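Please look over the model shown below before reading the report. The notes that follow are meant to be read beside it.

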Amino acid sequence: MTAKRNHEELRESVRRVCEKFPNEYWRDLDAKREYPEEWVRAMTDSKHLAALIPKEYGGLGLDLSAACAIMEEANRSGANANPAHAQMYVMGTVLRHGSEEQKREYLPKISGGELRLQAFGVTEPEAGTETTAITTFAERRGEKYIVNGRKIYISRVQYSDLMVLLARTTPIEEVEKRSLGLSVFIVDLRKIKGENLDVKRRRVMMNNFTNELEFRNVEVPAGNRIGEEGRGLSYILDGMNAERILIAAECVGDGRFFLDRAVSRANEREVFGRRIGRNQGVQFPIARAYANLEAANLMVEKAASLFDEGHSCGAEANMAKMLAADASWECGNVAMQTLGGYGVDAEYDVERKFRETRLYQVAPISTNLILSYIGERVLGMPRSF
Ligand SMILES: Cc1cc2nc3c(=O)[nH]c(=O)nc-3n(C[C@H](O)[C@H](O)[C@H](O)COP(=O)(O)OP(=O)(O)OC[C@H]3O[C@@H](n4cnc5c(N)ncnc54)[C@H](O)[C@@H]3O)c2cc1C
């Protein structure tokens, strides 16, 4: 592996920030279900969260491989990058499809920490996996759109100033293809939260700030639409490869966290007068999980390199997400088993990370949908839906 791809200096700089936020910090927030405000602030001040923003807009101007190294290191330290990762993956939609005016207005403020773009509104109660079924509607009236509708599981809305929103702008009955008639907007949340936008937190199994939303006649200036009206889904899909690769890198970080814990426990804990790691029944599952994690990491690196070189990477991004989510889940199970009773004890942090990493079997895309992509789009088998 080349030094560039390993990003050792960058990784070290992430470790320096995260060292100030030990596992006690995350454990305490998890118990209280509170947002890691100080950690997000520190990662913003260190510019890590502006990694993908070009230098001319105040960011670091790094590529996706570098952003993956940041997310992996954050999760490896015991942090959960989830409260801040949307800023990384939503960025692509703004960077690739936003107007120069939009970039100049928002990106320098996001880079400097004056504004947060942490919310991404797609999922609805009746439209999760089937995105084209969304019904939240943005009706054009002169120089504005009026948005009405409901969303669910939209994370970090309370802690974000801006949201990238997907809404219908042409009713589904009137479009030639279901994927058309959807548009993307930058919604300024600051004035509408609690007014025309109801935000109700959903309690989920990990410390995640996800919400049910109701838009009631929310006004969005026409100038906040990203790209052309009706082509929004293609812009969102375009950004999804980056999202999948970044989340795969977070899973690799989780996997490394679990293996660090499992190996040190196996080396230290003595039962029947010998270290438990001497038993192959303990050692082999850890070794297998490590091999699977390294293999998944190679796919993450391949997907990120293809993305950075401008090649198509849909298959690799999907495979990276699935393999890394499976590998981190395997590492989590192995760590839990190796720690015995201490695995489920909150003070040892494995149970917290175990809950956190489980999400990635489901979101932002579930494993079944990845398998169907590989089966149909890569291998050419019949379509099932
Ligand atoms: C904590 C959390 C945070 C989230 N944050 C956000 C966010 O910030 N923004 C946002 O827009 N969304 C967010 N989501 C939503 C997430 O992306 C969706 O939950 C996910 O896309 C799955 O949709 P669903 O839950 O409606 O499942 P469904 O679409 O109801 O699917 C349920 C199950 O059926 C399977 N399935 C469906 N159709 C098929 C098929 N044809 N073949 C095989 N299997 C099938 C799926 O794979 C899945 O396992 C979040 C979700 C959670 C839980």
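## Domains and their contact

This is a predicted model, and its chain is divided into domain 1 (3-115), domain 2 (118-228) and domain 3 (234-378). The C-alpha centres of domain 2 and domain 3 lie 31 Å apart, and the contact between these two domains takes 8 residues from domain 2 and 7 residues from domain 3. On the side of domain 2 that touches domain 3, the residues by class are 6 nonpolar and 2 polar, with no charged residues.

## The shell around the ligand

The ligand is surrounded by 22 residues, of which the closest are Val-122, Thr-123, Gly-128, Thr-129 and Ser-366. The elements that give two or more residues to this shell are the strands β1 (117-121) and β3 (144-155) and the helix α12 (367-378).

Both domain 2 (118-228) and domain 3 (234-378) supply at least three residues to the shell around the ligand. Sorted by class, this shell holds 11 nonpolar and 11 polar residues, and no charged residues.

## The largest nonpolar core

The largest nonpolar core has 110 residues, and those with the most contacts inside it are Ala-67, Ile-245 and Val-300. Helix α8 (residues 232-268) gives the most to this core, with 17 residues. As background, nonpolar side chains in soluble globular proteins tend to be buried together.

If neighbours within four places in sequence are set aside, Ala-67 is in contact with Ala-51, Leu-52, Leu-62, Met-88 and Leu-246.

## Helix α9

Helix α9 (residues 280-308) has 29 residues, and the distance from its first C-alpha to its last is 41 Å, which is close to the 42 Å expected at 1.5 Å a residue. Just after α9, Gly-310 takes a positive phi of about 80°.

Val-204 lies in the loop between β6 (197-201) and β7 (210-221).

Conventions
Residues numbered from 1 in each chain as written. Predicted model: local features only at pLDDT ≥ 70, side-chain atom pairs only at ≥ 80, totals over all residues. Core = buried A, V, L, I, M, F, W, Y, C linked by C-beta atoms within 7 Å. Buried ≥ 20, exposed ≤ 12 C-beta atoms within 10 Å, placed from the backbone. Helix = DSSP H or I, 4+ residues; strand = E, 2+ residues; numbered from the N terminus. Near = placed C-beta within 6 Å. Nonpolar A, V, L, I, M, F, W, Y, C, P; charged D, E, K, R; others polar. Domains from an automatic or database assignment. Expected span 1.5 Å × (residues − 1).
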